[in-house]
Amino acid sequence: MLASQPWRARTSAKFKAEKILGPLARSLKQGGRLLVVQSCGHDAATEVVETLWPGEDFFPVRRHSLLEALTAQLGADAAAYDLANPPDAGALFRYEMHTLPSEISDRIGTSTLFAAWNAVIYVNQIEDERLDDVVASGAYLQATQQALHDHGGLWFNDEAFVVTRR
């Protein structure tokens, strides 16, 4: 089973374990596996949102907290699952927004800039009501363009772990 971004990033680990991970894990048959994937920030896209909304943590719940909450949710049944927390080397990966090298130069094309912005607000789960001020001022274009120039593109960090029913 694959659970990729099955929740709002800023939702508590307890809620995620009670309402999503616990029921999914309990539905696994013996030997079944649940692959959980979520964005974790600390990437070029995060720089854009931090420029626009400084001081906010858009990804406060990491896999460590999720596994602890899931273990608590499963209670005595947790012994029937492998809930190993993989090290960062085995859990973290990134995906990149691909562009042609000519699109990230002195002048970034409008379609590339809008595509990058749309990816940033989608992955970082920015609510529509928060967008009005930054869109009206044009600050979103400046922040997105700056990140694209600084990094030569845009990428997003994710983390994953597997829950296995023994």
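Modeller: Along the sequence, the chain runs β-α-β-α-α-β-α-β-α-α-α-β. This is a predicted model, where local features need pLDDT of at least 70 and side-chain atom pairs pLDDT 80 or more, while totals for chains, interfaces and linings use all residues. Residues are numbered from 1 along each chain as its sequence is written, and side-chain values use heavy atoms, with hydrogens and water left out.

Colleague: What makes you say that the length of helix α5 agrees with what it should span?

Modeller: The expected span is 1.5 Å times one less than the number of residues. Helix α5 has 14 residues (110-123), so it should span 20 Å, and its end C-alpha atoms are 20 Å apart, which agrees. After α5 comes Q125, with a positive phi near 55°.

Colleague: Why is T46 called buried?

Modeller: Buried means under 20% relative accessible area, with exposed over 50% and partly exposed in between (1.4 Å probe, protein chains only). T46 has 9% relative accessibility, so it counts as buried. T46 sits in helix α2. Beyond its neighbours within four places in sequence, T46 is in contact (heavy atoms within 4.5 Å) with G41 and N124.

Colleague: And which residues of α5 are buried?

Modeller: T112, L113, A116, W117, A119, V120, I121 and V123. Their cover includes β2 (33-39), α2 (44-52), β4 (92-97), α6 (128-137), α7 (139-151) and β5 (154-165). Over the whole chain of 166 residues, 44% count as buried.

Colleague: What makes a group of residues a nonpolar core?

Modeller: It's a set of buried Ala, Val, Leu, Ile, Met, Phe, Trp, Tyr and Cys residues joined through side-chain atoms within 4.5 Å. The largest has 27 residues, and V48, L52, W53, W117, I126 and L154 touch the most other members. At least two residues each come from α2, α5, α6, α7 and β5, and α5 gives the largest share, 7 residues.

Colleague: What does W53 touch?

Modeller: Not counting residues up to four places away in sequence, W53 touches F58, W117, I126, R130, L131 and V134. There is also a second, separate core of 21 residues, including L34, V61, L70 and F161.

Note on methods:
Helices (H or I, at least four residues) and strands (E, at least two) are DSSP runs, numbered from the N terminus.
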